[in-house]
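Subject: Structure handover and notes

Hello,

Here is the structure you will be working with.

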Amino acid sequence: MSCYLDAENDPEGEPVYVRENGQLFMINQDSGRRVNYTPNSRPSRLFSKEFSVELCVNKENDNGRTDNFIFTYTKEGSLRYSSKSLFSLVLSYIADNINHVDSLNDFPEQIAEKLFYAADARQKFMESKTGLCALQTFTNAYGCLVLQKLCLRNGSLIISEKLEEIKSFRGLTYLDLSCCKLGDGHELLEHVTNESLSSLTHLLLKDNCLSDIGLRKMTARVRVMKRGLENLSALDLSYNPGITNKGVRYLRPFKKLNYLDLSGTGLRGTKEVIDQIHMLIDLVHSKIPLKEFDHSSCKTEGWADQVILQWKHAVLEVVNSKESIKSKLAAQRFYGKRPRAEGSQESLLGEKQRENCENLQFYKERRETSDNLLPQRDMEMIEEFPKRRRTAAEQKNHHLQSELFSFSQTEWDLLNSY
């Protein structure tokens with residue numbers, strides 16, 4: 001390897017070394033000749049003690065990342081760099097261009113999870129133009145692995161901003177839309193009965209300004225086409241005053257419904273209402289609150305849990321400016337008040353409503369196995385009774401015949417004499 005040296009750039013009074021063809025040469029500055037230099041057995045210091053170096057990365061080409069190399073410090077304080085693995089380089093490249101990926105079907109789940117987190121670290125799901133397409137690439141291929149439980153309690157702003165992204169999730173088993181003020185005509189209620197959410201087992205629609213018309217629209221697909229919400233086990237319709245006895249009739253197609261909350265609705269806990277619900281849906285009134293409707297246990301779970309959290313923070317930043325938040329915290333500190341947690345106002349309101357409204361929760365009573373075995377045992381006894389009676393009659397006839405046709409020894413001798 002040859003090197004060109006400019007005399008103007010050479011440090012004054014310092015020897016210059018050049019490595020060429022595997023040998024180290026020292027250039028004599030006076031004559032310009034090269035002198036073969038053989039280093040001593042003791043290695044000399046390459047840089048002085050005061051020497052320092054700063055790594056500059058061209059951020060325009062690599063989006064702020066140090067591609068190809070990983071820089072670390074050893075215990076002695078020296079700088080060490082190592083090349084990234086080929087898997088990491090390819091994963092980073094695909095994550096940067098995830099919006100150009102057509103499909104991830106039949107792609108290994110372990111690698112897809114790492115790819116999802118890599119794309120999330122690059123804020124690919126937050127982009128307005130390509131975020132939805134990137135999210136659908138994962139949800140179409142992996143379903144409930146992307147998101148299994150979704151908690152959007154008191155999240156009406158998030159639903160309005162990210163409605164299409166929310167509708168792209170598939171295979172959800174738990175959906176909490178409490179206190180979102182959706183109303184009867186919201187398109188998300190119709191999407192709930194879609195086939196992509198047929199795996200849904202818990203649906204919480206507390207305080208959403210629903211009425212009998214909203215329940216009729218929401219259950220139209222289930223009642224007519226017999227599709228959608230086949231596995232629904234728990235339904236929360238509490239604090240929707242517009243729901244009456246007529247609306248409960250629309251819940252009859254839900255054959256697997258085991259828990260229902262109608263507290264704070266237009267229904268009252270009278271004997272007629274309780275008997276009607278028991279006759280229509282086969283549910284029993286619960287005298288104590290059921291733990292299935294405890295909203296504190298709701299938590300978003302899945303690969304996209306951090307994505308949902310980023311959506312919430314983005315909406316809060318748009319609504320509340322940083323100056324107002326700082327002034328509010330400063331006022332709380334001045335008056336010695338602790339900042340309240342998010343959603344505390346809703347929880348306090350919920351407690352007041354629970355105190356004023358009666359508990360109207362229902363559950364499906366479990367039948368003990370012993371009750372089912374008793375009739376079967378009786379049937380077996382009924383079926384065996386004629387057999388036992390027949391065998392007893394046969395034994396009796398055989399005994400009578402043995403008595404009638406039994407002869408003494410003298411009688412047999414007399415018969416033999418003939």
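Does E127 count as buried, partly exposed or exposed, and what is its relative accessibility? E127 counts as partly exposed, because its relative accessibility is 32%, and buried would need a value under 20%. Please keep in mind that this is a predicted model.

Salt bridges

E127 forms a salt bridge with K124, and the closest N and O atoms are 3.9 Å apart. In general, side chains of opposite charge can pair when their charged atoms come close. A search of the whole structure finds eight salt bridges.

Another of them joins the side chains of D96 and R122, at 2.7 Å from N to O. This pair links distant parts of the chain: D96 is in helix 2, while R122 is in the loop between helix 3 and helix 4, 26 residues apart. D96 counts as buried at 17% relative accessibility, and R122 counts as partly exposed at 23%.

The side chains of D207 and K181 also meet in a salt bridge, 2.9 Å from N to O. D207 lies in the loop between strand 8 and helix 8, and K181 in the loop between strand 7 and helix 7 (187-192), so the pair ties together parts that are 26 residues apart in sequence. K181 is partly exposed, with a relative accessible area of 49%. There is also a network: E195, R221 and R227 are joined by salt bridges that share partners.

The surroundings of D207

D207 itself counts as buried, because its relative accessibility is 12%. Leaving aside residues up to four places away in sequence, D207 touches C179, C180, K181, S238, Y239 and N240. One of these contacts, S238, is 31 residues from D207 in sequence, yet the two C-alpha atoms are 6.4 Å apart in space.

Helix 3

Helix 3 covers residues 109-121, which makes 13 residues.

The buried residues of helix 3 are A112, L115, F116, A118, A119 and D120. What covers them includes helix 2 (86-96), helix 4 (131-142) and helix 12 (305-319). Just after the helix, Q123 takes a positive phi of about 60 degrees.

Aromatic pairs

A pair of aromatic rings is described by the distance of the centres and the angle of the planes. The count for this structure comes to seven aromatic pairs. One of them is F116 with F138, an edge-to-face pair with 5.0 Å from centre to centre and 90 degrees between the planes. The pair links distant parts of the chain, with F116 in helix 3 and F138 in helix 4, 22 residues apart. F116 counts as buried, at 0% relative accessibility, and F138 is buried too, with a relative accessible area of 0%.

F169 and W311 form a tilted pair, 6.4 Å from centre to centre with 45 degrees between the planes. F169 lies in the loop between helix 6 (163-167) and strand 7 (174-176) and W311 in helix 12, so this pair ties together parts that are 142 residues apart in sequence. F169 is buried, with a relative accessible area of 1%, and W311 is also buried, with a value of 1%. Ring pairs also link F116, Y117, F125, F138, Y142 and W303 into a cluster.

The nonpolar core

In soluble globular proteins, nonpolar side chains tend to be buried together. Which residues touch the most other members of the largest nonpolar core? They are F169 and L237, out of 67 residues in that core. Not counting residues up to four places away in sequence, F169 touches L135, T139, V146, L147, L150, L197, A304, I308 and W311.

Regards

Technical notes. Residues are numbered from 1 along each chain as its sequence is written. This is a predicted model: local features need pLDDT of at least 70, side-chain atom pairs count only at pLDDT 80 or more; totals for chains, interfaces and linings use all residues. Side-chain values use heavy atoms; hydrogens and water are left out. Helices (H or I, at least four residues) and strands (E, at least two) are DSSP runs, numbered from the N terminus. The expected span of a helix is 1.5 Å times one less than its number of residues. Buried means under 20% relative accessible area, exposed over 50%, partly exposed in between (1.4 Å probe, protein chains only). Contact means heavy atoms within 4.5 Å. Rings of Phe, Tyr and Trp (its six-membered ring) pair if their centres lie within 6.5 Å; planes under 30 degrees apart count as stacked, over 60 as edge-to-face and the rest as tilted. A nonpolar core is a set of buried Ala, Val, Leu, Ile, Met, Phe, Trp, Tyr and Cys residues joined through side-chain atoms within 4.5 Å. A salt bridge is a side-chain nitrogen of Lys or Arg within 4 Å of a carboxyl oxygen of Asp or Glu.
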